Amino acid sequence: MAGPHLGQSLRLWRTLRRVKQSHAGELLGVSQATVSRWESGTLVPDGDEQAAIRQLMQAGLDSAADRELARLVNNSAGSVHLVCDLTHRLLALSAGRERDFGRPRADVLGTSLWPYASDEIRTAEATLADLGWFEPSPPALELTTRANRSSEVRIFASRFRWVRFQLSDGSFARLVDTIAYERPGPVA
């Protein structure tokens with residue numbers, strides 16, 4: 001997410017946390033005018049600035065409702081996980097997803113899953129703005145991926161659903177739910 005979408009998210013984050021543009025600027029090492037330009041979409045933050053904004057606004061499970069969402073994900077019978085929509089930092093995962101990943105929960109919880117994304121996931125991520133993902137009521141998206149090439153955190157060929165949730169602190173989380181695993185065809 002870059003450009004006006006990140007600026008719009010920053011404005012929403014500030015509003016929900018009652019943070020003034022000048023204070024956000026101090027936290028990010030820029031002027032109030034720069035924050036204003038980001039939020040209006042007249043200036044796009046550079047790569048380092050985008051990383052700082054994402055770090056500042058990363059999703060947390062701060063309220064009882066947020067923690068309940070994580071508990072439901074953790075106890076789900078399916079293969080499900082919840083990540084920060086900005087940083088892809090893993091917030092919660094079901095036992096099924098833990099088996100899929102091939103790593104103990106403690107090893108992956110709190111880390112970004114982005115380094116393990118398949119090519120199809122990376123391509124889908126690049127088209128989110130065009131699909132209305134950053135609008136007030138984003139649609140759920142169903143996607144298909146091939147297996148990734150990672151031995152550290154496995155992603156199997158599958159059909160999955162992304163749903164975007166706003167957490168109590170104004171940040172956004174993404175629920176990733178496997179609908180079906182793709183079975184390899186018969187070998188000739």
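A salt bridge is defined here as a side-chain nitrogen of Lys or Arg within 4 Å of a carboxyl oxygen of Asp or Glu. The structure is a predicted model, in which local features need pLDDT of at least 70 and side-chain atom pairs count only at pLDDT 80 or more, while totals for chains, interfaces and linings use all residues. Residues are numbered from 1 along each chain as its sequence is written, and side-chain values use heavy atoms, with hydrogens and water left out.

Across the whole structure, 14 salt bridges are found. Side chains of opposite charge can pair when their charged atoms come close. One network of salt bridges links Asp85, Glu125, Arg164 and Arg174. Asp85 lies in the loop between β1 (80–84) and β2 (90–93), whereas Arg174 is in strand β5 (residues 172–181), 89 residues apart. Helices (H or I, at least four residues) and strands (E, at least two) are DSSP runs, numbered from the N terminus. Arg174 also forms a salt bridge with Glu125, at 2.8 Å from N to O. Glu125 belongs to helix α8 (residues 119–126) and Arg174 to strand β5, so this pair ties together parts that are 49 residues apart in sequence.

Relative accessible area (1.4 Å probe, protein chains only) is used to class residues as buried (under 20%), exposed (over 50%) or partly exposed (in between). Arg174 counts as buried because its relative accessibility is 2%. Glu125 is buried as well, with a relative accessible area of 14%, and Asp85 is also buried. A further salt bridge joins Arg105 and Glu98 at 3.6 Å from N to O. Here Arg105 is partly exposed, at 23% relative accessible area, and Glu98 is partly exposed, at 23%.

Thr145 is located in strand β3 (residues 141–145). With a relative accessibility of 2%, Thr145 counts as buried. The side chain of Thr145 makes a polar contact of 3.3 Å with that of Glu120. A polar contact is a pair of N or O atoms within 3.5 Å; within protein, one must be able to donate a hydrogen and the other to accept it, and residues adjacent in sequence count only if both atoms are side-chain atoms. Beyond neighbours within four places in sequence, the residues in contact (heavy atoms within 4.5 Å) with Thr145 include Ser118, Ile121, Ile155 and Phe160.

The domain assignment, which is automatic or from a database, gives domain 1 (5–57) and domain 2 (64–181). Their centres, taken over C-alpha atoms, are 25 Å apart. Nine residues of domain 1 are in contact with ten residues of domain 2. Buried area is the accessible area (1.4 Å probe) that two parts lose on being put together, summed over both. Between the two domains this area is about 860 Å², with 62% given by carbon and sulfur atoms. His5, Arg54 and Met57 supply 47% of the area that domain 1 buries against domain 2, more than any other three residues. The interface has zero salt bridges and one residue pair in polar contact (both at pLDDT 80 or more). On the side of domain 1 that touches domain 2, the elements giving two or more residues are α1 (4–17) and α4 (47–57). The largest share, seven residues, comes from α1.
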